[in-house]
Protein chains: 2
Amino acid sequence: MTRFALTLEFDGTPFSGLQRQENAPSVQQAVEEAASAITGEDVTMFSAGRTDAGVHALAMRSHIEIAKEMTPFRLMEALNAHLRPQPIAVTHCEAVADDWHARFSCIGRSYVYRIINRRAPLTFDKNRAWQVPQPLDETAMHDAAQALVGLHDFTTFRSVQCQSQSPVKTLDLLTVEREGEEVRVHAAARSFLHHQVRSMVGCLALVGMGRWDRQRLEEALEARDRQELGLNAPPHGLYFVAAQYPDET
Amino acid sequence: MTRFALTLEFDGTPFSGLQRQENAPSVQQAVEEAASAITGEDVTMFSAGRTDAGVHALAMRSHIEIAKEMTPFRLMEALNAHLRPQPIAVTHCEAVADDWHARFSCIGRSYVYRIINRRAPLTFDKNRAWQVPQPLDETAMHDAAQALVGLHDFTTFRSVQCQSQSPVKTLDLLTVEREGEEVRVHAAARSFLHHQVRSMVGCLALVGMGRWDRQRLEEALEARDRQELGLNAPPHGLYFVAAQYPDET
């Protein structure tokens with residue numbers, strides 16, 4: 001058996017999420033079925049993140065194991081051929097050691113959340129960003145975001161379905177920047193709770209609208225109470241952008 | 001009657017083009033029907049460019065005239081409401097003088113052509129860019145492009161259906177730049193021939209692949225013969241990005 005690391009780019013719109021589910025299309029099922037069609041083997045895929053329905057990925061990191069002898073290039077080409085016309089592309093493929101695990105070896109994950117801040121409806125970015133018509137103050141958002149960076153109990157920003165053993169996480173980075181009508185929130189951590197990025201972005205948007213201030217955000221964090229969450233941002237603005245592994249620069 | 005200048009953003013994928021056609025959906029028909037639904041009037045729209053099927057616009061400039069009294073803001077909001085869920089958005093609307101004409105007052109048009117230069121199939125950019133799997137040398141493309149800048153007879157780069165009186169045009173700018181896997185061609189002129197940008201981009205792609213060089217491109221230009229065209233790039237990579245008018249900065 002050879003283990004292959006895959007880098008996946010996908011538009012999450014038509015999928016119920018990355019992870020395989022009964023009776024609903026998933027990215028995992030699509031890639032596993034492509035790999036099975038190529039090899040005739042039962043193939044299971046593991047991934048760095050478990051993105052929700054509608055969430056996108058620019059560079060999800062995953063792995064599969066296959067017995068059939070193939071070069072990484074041929075495997076990538078065959079997977080891409082079988083994945084058409086689904087909006088999933090394998091952008092990189094390489095053979096890795098048997099103890100390299102896309103999920104358990106991962107030591108860092110980063111996301112970007114895209115907000116289009118304008119009144120006009122979205123055209124190109126429909127299902128690809130969250131449209132917020134009220135003017136957003138990105139400087140206030142960035143300042144308030146710094147209150148969430150570091151080691152905290154993120155219970156307020158955690159889905160009730162979250163399966164993580166602990167709500168205590170270290171958030172390494174949370175920045176807000178504007179480029180024209182687009183406001184981007186960047187988040188990085190070793191790992192995130194379920195809905196954590198969307199919950200943080202939702203509350204930062206309230207700050208940007210002037211409905212919350214930094215102090216209100218700090219109170220919500222300290223309350224450790226999901227009821228104190230102001231707003232959960234919709235999934236379609238969220239992109240998994242990178243995963244880090246030891247010995248990668 | 002009040003004349004309103006509109007700025008339109010649209011994804012050209014579902015349309016047969018900007019201009020109204022029989023038995024095929026067009027951007028013009030969509031906006032005219034929205035304006036008629038709002039006002040109860042017959043409305044005709046004029047635009048700076050006449051983009052083909054599948055060609056996109058980030059900021060097409062157009063105008064309509066209506067008798068009903070409305071502020072530009074209310075007209076824009078109403079048009080956007082009626083245009084949903086079609087991928088057309090009115091991003092700006094203002095009242096203009098009766099002699100301001102979106103097409104005939106326009107003194108400059110610019111386009112960008114997006115190439116995604118990679119082997120993996122497109123996901124987010126499907127129908128939004130031209131995928132070229134062979135490595136492209138953007139420096140050679142940019143150098144060759146300079147041979148087309150200036151006053152020339154562009155017959156080689158003109159569709160046989162072109163209705164322009166003369167094939168002689170002045171090309172003000174043609175640049176090629178790369179950002180990661182994306183190669184962008186920027187073109188600006190007072191006006192363009194039908195298919196001119198796509199025809200220039202197709203031949204520049206041949207240069208980028210190493211199949212043509214600058215001299216071959218110059219020979220094609222000097223031949224003034226459509227048969228000498230190397231390649232016409234597909235429509236879905238092309239975006240109308242801006243139109244200039246007198247007294248606008």
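Predicted model: local features only at pLDDT ≥ 70, side-chain atom pairs only at ≥ 80, totals over all residues.
Q: Which residue forms a salt bridge with Glu248(A)?
A: Side chains of opposite charge can pair when their charged atoms come close. The cut-off for a salt bridge is a side-chain nitrogen of Lys or Arg within 4 Å of a carboxyl oxygen of Asp or Glu. For Glu248(A) the partner is Arg61(A), with the closest N and O atoms 2.7 Å apart. Glu248(A) sits in the segment after β10 (238-244) of chain A and Arg61(A) in strand β3, so the pair ties together parts 187 residues apart in sequence. Arg61(A) is buried, because its relative accessibility is 12%.

Q: How are the helices and strands defined?
A: They are DSSP runs, numbered from the N terminus: helices are H or I with at least four residues, strands are E with at least two.

Q: Where do Arg114(A) and Asp125(A) lie?
A: Their side chains meet in a salt bridge of 3.2 Å, N to O. Arg114(A) is in strand β5 (residues 108-116) of chain A and Asp125(A) in the loop between β5 and β6 (130-131), so the pair ties together parts that are eleven residues apart in sequence. Arg114(A) counts as buried at 14% relative accessibility. Asp125(A) counts as partly exposed at 22%.

Q: Which helices does the salt bridge of Arg214(B) and Asp143(B) tie together?
A: The N to O distance here is 3.2 Å. Arg214(B) lies in helix α5 (residues 214-223) of chain B and Asp143(B) in helix α3 (residues 138-145) of chain B, so parts 71 residues apart in sequence are tied together. Salt bridges that share partners also build one network from Arg114(A), Asp125(A), Glu177(A), Glu179(A), Glu182(A) and Arg184(A). Over all chains, the structure holds 34 salt bridges.

Q: How many residues of chain A are in contact with chain B?
A: Contact means heavy atoms within 4.5 Å. By that rule, 25 residues of chain A are in contact with 25 residues of chain B.

Q: What area do chain A and chain B bury between them?
A: The size of an interface is often given as the accessible area lost when the parts come together. Buried area is taken with a 1.4 Å probe and summed over both parts. Chain A and chain B bury about 1,900 Å², 58% of it on carbon and sulfur atoms. In chain A, Pro121(A), Thr123(A) and Phe124(A) lose the most area to chain B, together 34% of what that side buries.

Q: How many salt bridges are there between chain A and chain B?
A: The count is four. One of them joins Glu77(B) and Arg119(A), with the closest N and O atoms 2.4 Å apart. On the side of chain A that touches chain B, β1 (2-10), β3 (56-66), α2 (72-83) and β4 (88-96) each supply at least two residues. The largest share, four residues, comes from β4(A).

Q: Which residues of α2(A) are buried?
A: They are Leu75(A), Met76(A), Ala78(A), Leu79(A), Asn80(A) and Leu83(A). Their cover includes β1, α1 (27-39), β3 and β4 of chain A.

Q: Where is the cis peptide bond in chain A?
A: A cis peptide bond joins Arg84(A) and Pro85(A), with omega about -5°. Pro85(A) lies in the loop between α2 and β4 of chain A. In chain B, a cis peptide bond joins Arg84(B) and Pro85(B), with omega about 0°.

Terms used
Residues numbered from 1 in each chain as written. Chains lettered and ligands numbered in written order. Heavy atoms only, no water. Buried area = accessible area lost by both parts, 1.4 Å probe. Buried < 20%, exposed > 50% of the residue type's maximum accessible area, 1.4 Å probe, protein only.
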